Amino acid sequence: ERVKHVSADVGFVDVCIDPGKPERVLAASYERRRRAWHFKEGGEGSRVWLSEDGGDTWNEVKGLPDGSVGRIGIAFAASDSQVAYAIVENLNPATNTRREEPDRTERGRDVEPTSAPDAAAPAAARPIGGEVYRSADGGLTWKKASTRRVGGEPHYYYGQVRVDPRNADRLFVLGVNVSASDDGGKTWRTNFARGLHVDHHALLIDPSDPARTLLGNRDDTLA
């Protein structure tokens, strides 16, 4: 039985179930179409949907970007399932053409580098990029957690977020590096998997001992 359909160009790439209320489900749709001569990376079909009845009915959540969006990853916090996170590839044009640098308050920390804008390209051609959003009401409404771009590029290659099962403010976004935050997504560091091969696609955190993790990347699976 098909319970949700958006369009012929839209599929669903992530689903998460509220561990404290299993009838509450979040699902991320993704609009894309790859052809031999063209790749449509996103669109208005990429959205997050919430069901309160185990998947029978769905409603689009509020507070995430409108317009053109790419891949989205979602996760509930097991220690407080009112808290949920989303890593969103925002494909809408950026209005700030300056190269982003670490904030003064982050000096000395290992912050995810951002690429410089193409001087020959118009500002409107540059997408906003990866953004992390946080919900405090079980996924119904969302607010941007960080003003910095987060996650690896291309985003369609990654799009995964994980939350520490014992700490709702500690989360990880997978990419070329693993971006980690200890304050609910406000600030980020990239030294979680330092020294390991890049391109990270899977992360499992032991709920009985969050210091024990399994990390899967392009080179191997590492404990």
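Start at glutamine 160, which sits in the loop between strand E10 (143–144) and strand E11 (161–163). The model you are looking at is predicted.

Is glutamine 160 buried or exposed? Its relative accessibility is 12%, so glutamine 160 counts as buried. The cut-off for buried is under 20%. Now look at its side chain. The side chain of glutamine 160 makes a polar contact with the side chain of arginine 162, at 2.8 Å.

Next, find glycine 151. Glycine 151 also lies in the loop between E10 and E11. Glycine 151 has 15% relative accessibility, and therefore counts as buried. Now pair glycine 151 with serine 179. In sequence, 28 residues separate glycine 151 from serine 179. In space, their C-alpha atoms are 6.8 Å apart.

How far can the model be trusted? Begin with the whole chain. Its mean pLDDT is 84. Of its residues, 83% reach 70 or more. Then go element by element. Strand E5 (residues 48–51) has the highest mean pLDDT among the elements, at 97. Strand E16 (residues 221–222) has the lowest, at 57.

One stretch needs care. Over residues 99–119, pLDDT stays under 50. The model has 38 contacts beyond four places in sequence for residues 99–119. Where pLDDT is low, predicted coordinates should not be read in detail.

Methods: Residues numbered from 1 in each chain as written. Predicted model: local features only at pLDDT ≥ 70, side-chain atom pairs only at ≥ 80, totals over all residues. Heavy atoms only, no water. pLDDT = per-residue confidence, 0-100. Helix = DSSP H or I, 4+ residues; strand = E, 2+ residues; numbered from the N terminus. Contact = heavy atoms within 4.5 Å. Buried < 20%, exposed > 50% of the residue type's maximum accessible area, 1.4 Å probe, protein only. Polar contact = N/O pair within 3.5 Å; in protein donor to acceptor, adjacent residues only side chain to side chain.
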